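These are my notebook entries on what I looked up in one structure, written down in the order in which I went through it.

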Amino acid sequence: MARYAPEPPFRHDRPQRTGVVLVNLGTPAAPTPEAVRPFLREFLSDPRVIELPRWLWQTILHLFILPRRPKANAQKYASIWLDEGSPLEVYTERLTHALESHWTERGREPLVRWAMRYGEPSVAKVLARMKEEGLRRLLVVPLYPQYCASTTASVFDAVAAELMRWRDVPELRLVRHWHDDPRYLEALAQTLETHWAQHGRPDKLILSFHGMPRRTLELGDPYHCECHKTARLVAERLRLAPDQWLVTFQSRFGRARWLEPYTQPTLERLAREGVARVDVLCPGFATDCLETLEEIGMECRTAFLEAGGKQFHYVPCLNDSPFWVERFAALLEDHLGQWPDRTPATDEELQARLARAKAMGAKQ
């Protein structure tokens, strides 16, 4: 068996393209136990996600988790499912198309595609299709503002695993994070200011990030620090006093100690202490998904109100909001650098492009 996959037939008349692939976590294909089970199996089998001896974890996964969790998770997915499908998929696709449209309107033409780390469309399949379209330069964009080994690095693993099969590999760049990029911070601040202009300000702003085992911090993962830096810089932009905002971590799993404070217990405590209204924003999620719409928007809302709180506002993620698309495109252009969107396929096309550039220079 050949070590490398066969290459598409080389075509001299096809331009060499620059590609941008946005990679999100993934989602089941449907809100059913039958669809959730293979998604959970793939997700929870990633050694980046669960750092336990494989034999031990696979035993736990197949004996205790996969027989029980798919049904409960399917009910949660069903509660947020859109007519078009899973929110995470819908918003990821919308963001991709919005970026593509933004660049097209400005005369740029990179290939812009989206993939899922787990589930479909897989990273491998999307990259293979991009290769058939003439991919020569590739910018990989994990949709995680804060770097974490279990998310960002896992995307790199998937990309590397696919490229290891290629004989003719593209130039490659990876967006590691954008947790402190001014354009991202400005978009978050604008989201909150727009919400507050319509609904007034809360007694407390909660910035809830996805949780990770505390052990990851002790082993040197920068995620915890990057979350706190994002929160601090957003609070500074909004000129919030220290007692007006708080960082928490959600989505705990298992019995191990995770990053603290935990979101839901914190909300319940605030309600008991007399905090009447909280607003919750999840800056670690590029698009709305199960963890934001169901866990925060439903479970945490109920917990806060039942503990005595009066008003709970979930502020949606950036998703494909126009002001974020414009800033995100500029952020990605920094990573694209001097890469051309496409390399002309023929000498005639190259000469025509040079002539246009010379004419434009003369006008200036």
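Where is the place of P121? I looked this up first, keeping in mind that the model is predicted, and I found P121 in the loop between β2 (111-118) and α5 (123-132).

For P261 I noted a place in the loop between β6 (245-250) and α10 (263-272).

**Entry on positive phi values**

Next I looked up R239, which is not a glycine and yet has a positive phi of about 55°. I found R239 in the loop that lies between α9 (223-237) and β6. Is R239 buried or exposed? I put R239 down as exposed, because its relative accessibility is 74% and the cut-off for exposed is over 50%.

I turned to N319, a residue other than glycine whose phi is positive and near 50°. N319 sits in the loop between β8 (311-315) and α12 (322-336). I recorded N319 as buried because its relative accessible area is 7%, and buried means under 20%.

**Entry on the surface**

Which residues make the nonpolar surface patch of about 330 Å²? I listed L52, W55 and L56 for it. Of these I followed up L52, which has its place in the loop between α1 (33-44) and α2 (54-65). With a relative accessibility of 44%, L52 counts as partly exposed, since that class lies between the cut-offs of 20% and 50%.

**Entry on cavities**

How many cavities of 30 Å³ or more does a search of the whole structure find? I noted 2 of them.

I gave the largest cavity a volume of about 40 Å³, and I wrote down its lining as P145, W178, Y184, P283, F285, A286, L318 and W324. Sorted by class, this lining of the largest cavity holds 8 nonpolar residues, with no polar and no charged ones.

For the second largest cavity I noted a volume of about 30 Å³, and among the residues that line it I found L188, T191, L281, C282 and P316. Its lining divides into 8 nonpolar residues, 1 polar residue and no charged residues. I also noticed that P283, F285 and L318 belong to the lining of the largest cavity and to that of the second largest cavity as well.

Terms used
Residues are numbered from 1 along each chain as its sequence is written. This is a predicted model: local features need pLDDT of at least 70, side-chain atom pairs count only at pLDDT 80 or more; totals for chains, interfaces and linings use all residues. Side-chain values use heavy atoms; hydrogens and water are left out. On a 1 Å grid over the protein atoms alone, a cavity is a set of points where a 1.4 Å probe fits but cannot get out, and a pocket is an open set with protein on both sides within 12 Å along at least five of seven lines; lining residues have an atom within 4 Å of a point. Grid points are joined across faces, edges and corners, and a volume is the space filled by probe spheres set on the points. Ala, Val, Leu, Ile, Met, Phe, Trp, Tyr, Cys and Pro count as nonpolar, Asp, Glu, Lys and Arg as charged, and the others, Gly among them, as polar. Patches are made of residues with over 30% relative accessible area and no salt bridge: like charges are joined within 9 Å, nonpolar side chains (Val, Leu, Ile, Met, Phe, Trp, Tyr) within 5 Å. Accessible areas come from the Shrake-Rupley method with a 1.4 Å probe; for residues, only the protein chains shown count as cover. A salt bridge is a side-chain nitrogen of Lys or Arg within 4 Å of a carboxyl oxygen of Asp or Glu. Helices (H or I, at least four residues) and strands (E, at least two) are DSSP runs, numbered from the N terminus. Buried means under 20% relative accessible area, exposed over 50%, partly exposed in between (1.4 Å probe, protein chains only).
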